Each structure stands twice: as structure tokens, then as C-alpha cells.
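Please open the structure in the viewer and keep the selection panel at hand.

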Amino acid sequence: MSFIRQVLSVTNMNLRSILERSGSSLVIIIGIAGSVAVMVSLLAMAEGLSSTISNTGQDDRVIILRDGSGSELSSGVAMTEVDTVSSSPGIKSLDGEPMIAGELFAIIDLTKKGADSTSNLPFRGVQQMSFEIRPELTIIEGRNFTSGTAEIIVGKGANNQYEGLDIGDQIKVRDSFATVVGIFSSNGDVHESEIWSDLAAAQGIFRRGAIASSMIIRLESKDTFDEVGLYVESYPNLELKVQTETNFYDNQSSGADLIKIFGQVVGYIMAIGAVFAALNTMYSAVSTRLVEIGTLRALGFKGTTVLAALMIEALILAMAGGLLGAAIAYILFNGYTVSTLAGGSFSQTAFAFAVTGEVIQQGLTLALFVGFIGGVFPAWNAARRDITEALRSI
Amino acid sequence: MKYWMIVKSGINRKKIRTFMTVFSIATAFLLFSLGRSVAVAFNSEVDFAGNDRLIVVSRLAFTESLPMAHKNRIEAVEGVDTVVWRQWFGGTYKERQNFFPKWPVPDNYFDVYPEWELSEGAQEAFSRNITGMIVGKDIADQFGWEIGDRIPIIADIWPKKGGGVWEFDLVGTYTNSVSEEQGEAFINWKYFDEARLYETGRPGNYIVKIENPDQAESIAKEIDELFKNSLDETKTSTEEAFSRMFAEQIGNIGLIINSVLAASFFTILLLTGNTMSQAVRERTPELGALKAVGFSDRLIMLFVLAESFFLCVAGALIGVLIAYLLFPLFSGLAIGFSGEIEFSISIVISAILVAFITAVISGVLPAYSAMRLNVVDALRKN
């Protein structure tokens, strides 16, 4: 008990004098805050991108592409093949109709807000069943398109990032125009970066004839995946690949994993720099306080007490730096929406930075790590000092 | 040089501190090198021989094809020299990670790229052999291909009539004399166009060589004007602008990564500057003693600056060296979202320049206060 009390009283004394040593304490705080802010921002970017992409996938939905294609853009399936697959067992039915839709995925050039040149926006032609298969999609403004017309609806993200995609606006497609009639949200997933139209209209615009890019299926339950897989694989002359939507979108999010690793690598490199800076500061903080430490020891405080108190001081400074860094990253970036070229689909995906609890936790762990390494050697050094020698340095 | 002893004693005064300072500067420069290389990748201004090539793509999206009939009409435009075309082939060689662009092209395609050097007999073999393929030297090296090898490519966008794998015969390689860009493959248009399942007779985009680069803008406008309000409107830009469009699309992300790296670099430098002035403050009495025995103010200032230069340059060199050693790892990471990054000599040069600037900025205040020291006050501090 008395050990803890001693540690607390020495810590208390140290902390009260922090303000007098604000210069060198600030160095530790700023160094750590910088590292944590950098790491948290990069991780928040990765987190935002990956959750946007992987949010899209659900286990009870299946996506079918041409065998050999890794993305919808490079895949083609004939509408007759969609009919063939629709008689597979394991597909949920709605009012007697199998829940399957052929969808056309293409890209279209439009101008991003504030940009000079054009960017590639995903354009998806869908069937009425597509909406039943994805109940999370809701029209938040305006109305849905009417089948058989050149009307389009626009995802919330696309509406936000691009010029001329508000309700009533028209976009030029070949020699005609398509009118925006609604805006939809979709649980923050990748579809919010897309433009949707009727499949037949899209096939006309992109000259695809009776060809779609992919099929999407709602399963009776996720356990019936194998039934569909087996049916498609054993059906003669059907060169198709069946995968769950979760699986498909996880593979698409590899870019986010790279940003995440990049963020960690940069965060750790910075942390090493911050460790050096913290070590320097703590060493000189200790050396200017040698007399104080010697006095404490002469009064009967144990070396371990001094060690523990200095460590607590270092960790408190580190934690302050970590919280400051996380706060900076949060204020600057949380919810900040950007869009980038997604790998595989050659088109833009909009996403928001997500400074989640997990990301902050990683940042704070880094901060404590730096505080610990930066504090332990100088503190150990101080605690081991000979009392008389320490006092002599007056 | 005769004063080197004094500078050295300053550096050796607290070896641990010198060591730590050098290494914290080294980490800053490690980040600097990393940031520079990523920045270069994001702003990749691909070196083109000249601005005498235009790319004509569908106005709807660059992935949409254009009709063959456009060729003659583009050729008729005043100032146009040669018109060739290509189509994005996609496809996979064995594994998906073995990615490289593959383009079906007409056999006079290489005339438009005079900066490419084809291996001997490649052009002739390509014209003669309908399944011929010419690849960049880098690709041939990467996969250990020899001329005469048969290369299987699994189809994705372009299935073959009757299905199955596409097979091409390697008839030659090319090297690029103006840039590192030699990682693409070219296959015979005629073979591709006849054997593909659909869209026969429609090229993807046109490459237009023009006679005078100064006319690029007006010719581009004229071409787009030709097809205005048709089913296949076009968008024409110089090759350089076209590739910059992709870099811009990755856009914000590159900017964010760069500004974050810059922020971290300056944070570490700030800490280092602080350490440096601390070191000088501690030494006030010694500097006073030097002054008392007759060293001039200017010399004292130079001593402190020299120390700062030593720390910064040593740190920069170590940082760049570590970056160089770790580079294969970084480029492996970066390839997924920014394309290839390169470690060029320009990174080393800019790092040393920045080290000098840093040395001046972080050394000038302590040096100035050392210079202005009053001998009596300085000695009294003892």
C-alpha cells in the first residue's frame, strides 16, 4: 500500500511541475500527437473505403459473372443464360417469380464538382426485381424510374460529388438525353456512387443487345448457396462463376487493405521518430531533475518509486498526445467524403472517412507504446543513480 | 578544417543525444523519400516523346467502342498524319496478379511510336503472323518468355467464337528510349477482330499522329466537331492529357496521403529543432569560455551551424538509405493504388537539399543566440 501511496505522491509532485517544464513536455505531446493523427487519418480512410465496399455484400445474395472475369466491367452474360439460371433450385421466390435479375454495368464520363476533366461514373442497368433483391435501397428524393423510358435515378454519393445530377437535370447519352427523376440511398454502400436505369435502356445506350454484365440472385437462405452453385456448374455449356456477394465485394476491397497497411507502416515509422524525440526529451527532463530525484531518494523514497512515478508521467504525456492526435484526425477528417478510382471497375467510388473506435484505439495503443519506450530507459537510468552523485550535480 | 575538433567535441558531447537526434531526423527523411516517390507516382507525368499524338475515345466513356468508319473521316482532317486504333483486351495470363495491358492493334501501329525500338524482324513477323504478339522487354523478362513461345491468355471481356483460351505467338519485344514505360503487349487486330464473339468491326479508341504539335488543340476540336450529335460522339485529347486524367481521378487520395506525410515530416523536424536548441542552451558556459579565449562571434555561430548541418545531413543520408533498402516493400504496397513507384536519384538530391534547408532553419536560432552571447553572462551560468 505504502508503495502505491509513495508513487502517487511523487507522481503528483511531477505532474504539478509539468507546467514549469511545459516546453519539453510539449515536445513529447506534439511528437506523439503527430504520429497518432497521421496513423488515425490514414486508417480512417482505409476503414471508410473498406466498409463502403464490404457493406454492399450480403451472404444471402449471389452474384454470377462470366468465368474468368474478376469484375462486372469485364464480364458479360447473355439474357438467355439469366433465364437458364432462373430455374435453379435455392433461389427465393416472390409471388411465384424467382428473385434473379440481369444487370448491366458500364461506366459513363461526367464532370466531378470542382474538376476540369471528366471522371468515370458507374452506370447500372437494372430490372424491377433488382429492387426487390436489394431492399436496403430506398428512394429518398423524387421517384423511381419508369420502365421502358430513358429516366435515371442517382445514388446519394454520386449526386453529391458530380455536377448536373440533381432531379430534373438531363445527361447526354449518345444522341439523346436521360432525365434524373430520383435520388436513392443504399445503406452507405457502393451503389450510392452509381447511376441506375432500366436494363433495356442501358442496353440501348451501351449497345449491348441482349447481354448483361452479371446476374444477382436472392437465395432462400444463405445455406442454399451450394444448390445454385451446383446447378450452374453442372449445367452444360454454361461458363459462369457463382460467388456470394460478400465474397465478391471483399475481393474488390483490396485497395482499402493496401491503404490500411500503408497507414500502419507510415504510423509506425513516425512512431519510431517520436520515440527518439521522446527519449531525448525524457533524458534531458531527467537530467535537469537529478537533484530533485537525489533528494527524494535521500528522503527515503525507493528507486522503484521514482521509476514508477517517471513512467506514469511519461504515459500520461503520451496519452495526452494520443488523444490530441486522435481529436485532430477526427475533427479534420471524420465524415469527410472523397471519391476515388476503384480497382477493377475503373470507376469512381465515393466514401466517407470513418474515425471509428477501433481506429482510435490503434492510435492510442501506438501513443502508449511510444510513451513507454520513451520513458522506461531514462526512468530506469534515474532510478539507478547513486544518491550522492545525483545530489552532487547541484 | 582546423576547427573540426571543436565541432566534433560538440557532437560527441552527449553521444546518446546525437545518436537519437540523427535517427529522428532519419525517420523524417525516410517518410520524405516515401512521400516523394508516391507523389511522383500520383502526378505521373508520363514522358512522351512529343505532344504529336491525340487519343480519340467515345464521349460516353472511354471504355465504349467507336465505329471503324470514323477512321477515314479522321484521316481527312487537315494536319492529321496517321490514324491507328486499339482495343482494351483485358484477359489474364495464368494468374490474375500477372496483369499487363494487352492491345489488339493494326500492324502499322508502331509507326506512330517512333521512340519504341522493336527487336530485329519483329515488325515483319508481326505483319506476317496473324497470331503474332509483341511485348515490352520488361514483360518478356518478368515471365521469362523467349521469341517463338506460345502465350495463352484467358478471355474475360472478349470471348473467342466457340469459346476457349486465346493463344498468341511471341514474335518480338520492344524497348522504349524515352521512358521506362515498356510493359504493354500488342496483338494482331485482324485476328482479334475476326475471332471475337461480338462487336466485330469496332475499334476501342483511335490514336492520331498529327503533323504539328502546336495544332493539337484545334485538330482535337475539329475531330470532335465531326461526330457531334451522332450516335458515336468523340472526345479527343493529347496522349498526355489522357493519362493525366487517370491520375486526377485517383485525385484526392494522393493529395491526402501527401499532405499527411508532409505533416508528419514537419512534426519530426520541429522536435529535432527543439532538441538542437536545447543542446546549445546546455552548452552556454562552454561557448562563453571559447569566446573568452578569443574566438570571434562569427566563428561561434559557424560552429553551431556546422553541428546542425552535420546532424541533418547525416540523418538525411541514413533516412534515404533506409528508404532505399526498404523500397521493394513500399513499391509492392503502393502498386495496388498508385501504380508503380520508382526510387529515383531525384529523391536523393531533393532530400539533401531539404536537409540543408532544415539545417539552416533549425540551426539559425541557436547559432544566432550563441553568437550574441555575452561572455560574462555565459560564464556566470556555471
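Predicted model: local features only at pLDDT ≥ 70, side-chain atom pairs only at ≥ 80, totals over all residues.

Does B:Glu199 count as buried, exposed or partly exposed? B:Glu199 counts as partly exposed because it has 16 C-beta neighbours inside 10 Å, a count between the 12 or fewer of an exposed residue and the 20 or more of a buried one. B:Glu199 is placed in the loop between α6 and β9 (205–210) of chain B. Its phi is positive, about 65°, although B:Glu199 is not a glycine. Most residues other than glycine have a negative phi.

Next, select A:Arg207, in the loop between α6 (199–205) and β12 (211–212) of chain A. This residue, too, is other than glycine and has a positive phi, near 50°. A:Arg207 has 17 C-beta neighbours inside 10 Å and therefore counts as partly exposed.

**Helix α6 of chain B**

Return to chain B and select helix α6, residues 189–195, which contains B:Glu194. With 12 C-beta neighbours inside 10 Å, B:Glu194 counts as exposed.

**The domains of chain B**

Colour chain B by its domain assignment, which gives domain 1 as 4–45 + 251–380 and domain 2 as 53–249. The centres of domain 1 and domain 2 of chain B, taken over C-alpha atoms, are separated by 48 Å.

**The domains of chain A**

Apply the corresponding colouring to chain A, where the assignment gives domain 1 as 2–54 + 254–392 and domain 2 as 68–238. Here the C-alpha centres of domain 1 and domain 2 of chain A lie 47 Å apart. Their contact takes 11 residues from domain 1 of chain A and 18 residues from domain 2 of chain A. On the domain 1 side, the elements to select are α2 (22–55), β15 (337–342) and β16 (347–352) of chain A, each of which gives two or more residues. The largest share of that side, four residues, comes from β16(A). By class, the domain 1 side has three nonpolar, eight polar and no charged residues.

**Where the chains meet**

Show both chains and select the residues at their contact, which takes 49 residues from chain B and 49 residues from chain A. On the chain B side, α2 (15–42), α8 (239–250), α9 (252–282) and α11 (297–338) are the elements that give two or more residues. Of these, α9(B) gives the most, with 14 residues. The chain B side divides into 24 nonpolar, 18 polar and seven charged residues.

**The nonpolar cores**

Select A:Val40, A:Leu42, A:Ala44, B:Leu31 and B:Met133, the residues with the most contacts inside the largest nonpolar core, which has 198 residues. Helix α9 of chain A, residues 254–288, gives the most to this core, with 18 residues. In soluble globular proteins, nonpolar side chains tend to be buried together.

Centre the view on A:Leu42. Which residues is A:Leu42 in contact with, leaving aside its neighbours within four places in sequence? They are A:Ile259, A:Phe262, A:Gly263, A:Val266, A:Gly267 and B:Val260. Apart from this core lies another, of 14 residues, including B:Val280, B:Val304, B:Ala306 and B:Leu373.

Select helix α1 of chain A, residues 2–16. At 1.5 Å a residue, its 15 residues should span 21 Å, and its end C-alpha atoms are 21 Å apart, which agrees. The buried residues of α1(A) are A:Val7, A:Val10 and A:Asn14. Seen down the axis of α1(A), these buried residues fall within an arc of 70°, so they line one face of the helix. The face turned away from that buried side carries the exposed residues A:Ser2, A:Ile4, A:Arg5, A:Asn12 and A:Arg16. Among what covers the buried residues of α1(A) are α10 (290–299) and α11 (303–333) of chain A.

Finish with α11(A). Its 31 residues should span 45 Å at 1.5 Å a residue, and its end C-alpha atoms are 44 Å apart, which agrees. The helix α11(A) is followed by A:Gly335, whose phi is positive, near 80°.

How values were computed
Residues numbered from 1 in each chain as written. Chains lettered and ligands numbered in written order. Core = buried A, V, L, I, M, F, W, Y, C linked by C-beta atoms within 7 Å. Contact = placed C-beta atoms within 7 Å. Expected span 1.5 Å × (residues − 1). Arc of directions from axis to C-beta. Nonpolar A, V, L, I, M, F, W, Y, C, P; charged D, E, K, R; others polar. Domains from an automatic or database assignment.
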